[in-house]
Amino acid sequence: MTDTDWNDYSLETQAIRAGHRRTHEDEHSIPIFATSSYVFKSAEEASLRFTGKIAGNIYSRFTNPTVDAFQQRLALMEKGERCLAFASGMAAIMAVGMGLLKAGDHVVCSRGVFGNTVILFTNYFSKFGVETDFVDLIDTAAWEAAIKPNTRFLFLETPSNPLVEIADIQALADIAHAHECLLIVDNCFCTPALQKPLELGADIVVHSATKYIDGQGRCVGGAVVASEEIIEKFIYPYLRTGGATMSPFNAWVFLSGLETLAIRMKAHCDSAFELAQWLEQQPSVAKVHYAGLPSHAQHELAKRQQSHFGGIVSFELTGGKDAAWRLIDATRMISITANLGDVKTTITHPATTTHGRLTPELRAKAGIKDGLVRISVGLENLDDIKNDLLRGL
Ligand SMILES: *Cc1c(COP(=O)(O)O)cnc(C)c1O
């Protein structure tokens, strides 16, 4: 079967079968092509491949069959024309910036994005004359007001971390396009199993494959998915030169991660939903942030935009930081780590870890209270997760 046939299949099937071009060995599972370079049949063929006149592998910094299988599979699942894999989620975001931006350009970014994304824009792209303004994720009017004649793209994560606020992708895509900007969505929290930003009008999706795509906390990786034109013109040339390539071994791990993605996401979401409802009943919990709850400000939007509500639950304890630390320290099973998207449940105190470098004023502006705790709900038995939390509640 050729790869293009997989367009007619559903996401669950693409995730398991797409991307594998079987070799003459008739293998059933995708092999790891552990090779840095490729051999040409003649000097002429080498020359034709280098100039791009004929297709074919040259060097694994920019093409490798195992990495290519991952790219084709994720592109299909995101309903994008083409995907490029990177060494990490940050390398993928870096590639988008390096590929698209030039000195004098302007970016509008949501305030709640991943900490290193903020640092990339404010400390690094600024060195090369790119200015970034940060706006409230859910304030659509603020996005439009922040756009300038030199704005190149809008960048957001939805749901946000750790408050799981939801942005209206379609509305922001329309605003971006009305001003001749691109909309870039970091789809790490939902994955294509729950949300397909490109179908909603976004131009580029970026991923940290490290999270739910791996799903078992093993490898670091990232990806960019977009139209053939955007990838070929802006992203691929940077990957080839910048060199933040995904290794074939990591691609192989992510390929098997994708195979179970849909079924894992469903289980993560089911447990998170039940845990959020249970947390709302606890007397020491002041507020639960979960888009599946009718109390969530963007509950209706989440129902429209996502097929399920996600695996991340945040909640505020009435007792502030002391209560949050006590809860975290009382756990025996849940892992105290900032990572997420793992089959293992993880617990984080955002105010003193992921958002600890922000000033107290910026933290307050971002809505990160001292009593806030974030849980990435894993696939252990839900009663065991509840019991582990109950010890400290
Ligand atoms: C982790 C993460 C990243 C960065 O990905 P790495 O693979 O750690 O480089 C970017 N965006 C979001 C939303 C993340 O959670």
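**Notes on the predicted model**

1. In this predicted model, helix α11 (residues 261-280) and helix α15 (residues 382-390) cross at roughly 35°, and their axes come within 11 Å. The crossing in which α11 passes α15 is right-handed. On the α11 side, the residues involved are Ser 271, Glu 274, Leu 275 and Trp 278. They meet Leu 382, Ile 385, Lys 386, Leu 389 and Leu 390 in α15. Sorted by class, the contact of α11 with α15 comprises 6 nonpolar, 1 polar and 2 charged residues.

2. Helix α4 (residues 89-100) packs with helix α9 (residues 228-242) at an angle of about 115°, the axes being 8 Å apart. Here too the crossing is described by its hand: α4 passes α9 in a right-handed crossing. From α4, the contact draws on Met 94, Ala 95, Val 96, Met 98, Gly 99 and Leu 100. From α9, Phe 234, Ile 235 and Tyr 238 take part. The contact of α4 with α9 holds 8 nonpolar residues and 1 polar residue, with no charged residue.

3. How is the chain divided into domains? Domain 1 covers 6-259, and domain 2 covers 262-390. Their C-alpha centres lie 27 Å apart. Across the boundary, 32 residues of domain 1 are in contact with 36 residues of domain 2.

4. The cysteines should be read with the disulfide count in mind: the structure holds 0 disulfides. Where does the closest cysteine sulfur to that of Cys 219 lie? It belongs to Cys 188, and the two sulfur atoms are 15 Å apart, which is too far for a bond. A disulfide would require the pair of sulfur atoms to be within 2.5 Å. Cys 219 counts as buried because its relative accessibility is 7%, the cut-off for buried being under 20%.

5. Cys 269 may be considered in the like manner. The closest cysteine sulfur to that of Cys 269 is in Cys 190, at 7.7 Å, so this pair is too far apart for a bond. Is Cys 269 buried or exposed? With a relative accessibility of 0%, Cys 269 counts as buried.

Definitions and conventions. Residues numbered from 1 in each chain as written. Predicted model: local features only at pLDDT ≥ 70, side-chain atom pairs only at ≥ 80, totals over all residues. Heavy atoms only, no water. Axes fitted to C-alpha atoms, helices over the stretch in contact; angles between N-to-C directions. Helix = DSSP H or I, 4+ residues; strand = E, 2+ residues; numbered from the N terminus. Left-handed = near helix turned anticlockwise from the far one by under 90°. Contact = heavy atoms within 4.5 Å. Nonpolar A, V, L, I, M, F, W, Y, C, P; charged D, E, K, R; others polar. Buried < 20%, exposed > 50% of the residue type's maximum accessible area, 1.4 Å probe, protein only. Domains from an automatic or database assignment.
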